[in-house]
Amino acid sequence: MTTFVITVPGTFVAGVSEASCATLEGKLAGQHTDLSESEGLDLLTVNEDGTFSIRLEVEAGDRYQAELDAVGLVSTALQETGFSEDDAPLGTPAVTGIDSDL
């Protein structure tokens, strides 16, 4: 298995509160560990225009599966925080780091 750092972009359509951001970060904190932190990556970045990026780590056999898993984790965390797919649509995920034992 390989650990991938995946960046999932999106947009908060109706705005977002600091409390919602903190809740979202809490739900995803377990997916933001040593690799992300050693690279100085923030788990969640929210821009003034409502766009955001979430960076998390996923263990998977390949890049495609890592991206799918990351989007699933982010979608679930957003829903659990109270955002529908229309409130926070996601963009295309990207691999921004890889740590492999190969």
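Where does T92 lie? T92 sits in the loop between α3 and β4 (94-100). Keep in mind that this is a predicted model, where local features need pLDDT of at least 70, side-chain atom pairs count only at pLDDT 80 or more, and totals for chains, interfaces and linings use all residues. Residues are numbered from 1 along each chain as its sequence is written, and side-chain values use heavy atoms, leaving out hydrogens and water.

**T92 and T7**

- Skipping residues up to four places away in sequence, T92 touches T7 and P9; touching here is contact, meaning heavy atoms within 4.5 Å.
- T92 and E67 are 25 residues apart in sequence, and their C-alpha atoms are 8.8 Å apart in space.
- You'll find T7 in strand β1 (residues 2-11); strands are DSSP runs of E with at least two residues, and helices are runs of H or I with at least four, numbered from the N terminus.
- The T7 side chain makes a polar contact with the side chain of T96 at 3.1 Å. For a polar contact, take a pair of N or O atoms within 3.5 Å; within protein, one must be able to donate a hydrogen and the other to accept it, and residues adjacent in sequence count only if both atoms are side-chain atoms.

**Helices α1 and α3**

- Helix α1 (residues 18-28) packs with helix α3 (residues 63-81).
- Among the residues making the contact are L24 and L28 of α1, plus L73 and V74 of α3.

How values were computed. Axes are lines fitted to C-alpha atoms, for helices over the stretch in contact, and angles run from 0 to 180 degrees between N-to-C directions.
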